[in-house]
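Hi there,

Here is the structure I promised to pass on. Have a look at it first, and then read my notes below.

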Amino acid sequence: MHIRPAILASLLLLAAPPLQAQETPSLDKAAVEQIVRELLQREPELVMEALQSLQARQEAEQVEQAKQAVVDNAEALKGEPAEVAANPDGDVTLVEFMDYHCGYCRRMMPALRDLVAKDKGVRFVLKEFPILGPDSVVAARAAVAARNQGRYWDMHLALMESEDISLEGVRALAADLGLDVAKLEADMNSPETEQVLAADMELARKLGLRGTPAFVLGGEIIPGAVPAEQLEGLIASVRERS
């Protein structure tokens, strides 16, 4: 990989500890580049060290930004009562941003279902994050609409298990669950449902989420699929700190 000396100079300066005001060199750009070029000829491993240092610094900054985003959006992450899929009186809130088309979300669903059934202290909040196509949006609308019939959790589980989350598939699931299908369709297209989806998507944007599933627990964002045992351990840690 060829990296221009000017870029390397910038990387080395960024990766290095900040200089005190009295230590600021008086060299011009050309002189700095020449010094860097000569230094790299003697010690080429400094390139990798500089890149690694810069990457580590950027990752640390991203972690801190994510933590601050959770703090700034703490109220929204608590979820409205209708968004609490299980254990509304639990002492630890676990938030999942998910997409009904997401294979990882689907594979995690049985473990999450068992977790909240076993640990009644886990307050489980679901946030719709339909980013994987039109059917994802249809399914998200159906789940939100099912809240109006008191069947959000049932519809969530059914959608996660279904191979067909198109509108026709949603109609069939609603009928199987004994829901009022006509009401569900009307509620899917209501301004209230649109508002819920827009708010969830905006919250995901503020948190910097780029994929599903993504969890928020104990003030931290946990991206990607997580083994049930790891989640249980994290929940236990949150309880110990509170």
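The secondary structure of the chain comes to 11 helices and 5 strands; helices (H or I, at least four residues) and strands (E, at least two) are DSSP runs, numbered from the N terminus. This is a predicted model, where local features need pLDDT of at least 70, side-chain atom pairs count only at pLDDT 80 or more, and totals for chains, interfaces and linings use all residues. Residues are numbered from 1 along each chain as its sequence is written, and side-chain values use heavy atoms, with hydrogens and water left out.

Of the 242 residues in the chain, 39% are buried (under 20% relative accessible area, with exposed over 50% and partly exposed in between; 1.4 Å probe, protein chains only). Contacts (heavy atoms within 4.5 Å) also say something about the fold: among those between residues at least 6 apart in sequence, 76% join residues at least 24 apart.

G90 counts as buried because its relative accessibility is 17%. Leaving aside residues up to four places away in sequence, G90 touches K120, G121, V122 and R123. From G90 to G121 there are 31 residues in sequence, yet their C-alpha atoms are 3.9 Å apart in space.

Then the cysteines. C102 counts as buried, at 3% relative accessibility, and C105 is buried too, with a relative accessible area of 1%. The structure holds 0 disulfides (pairs of cysteine sulfur atoms within 2.5 Å).

Enjoy exploring!

Best wishes
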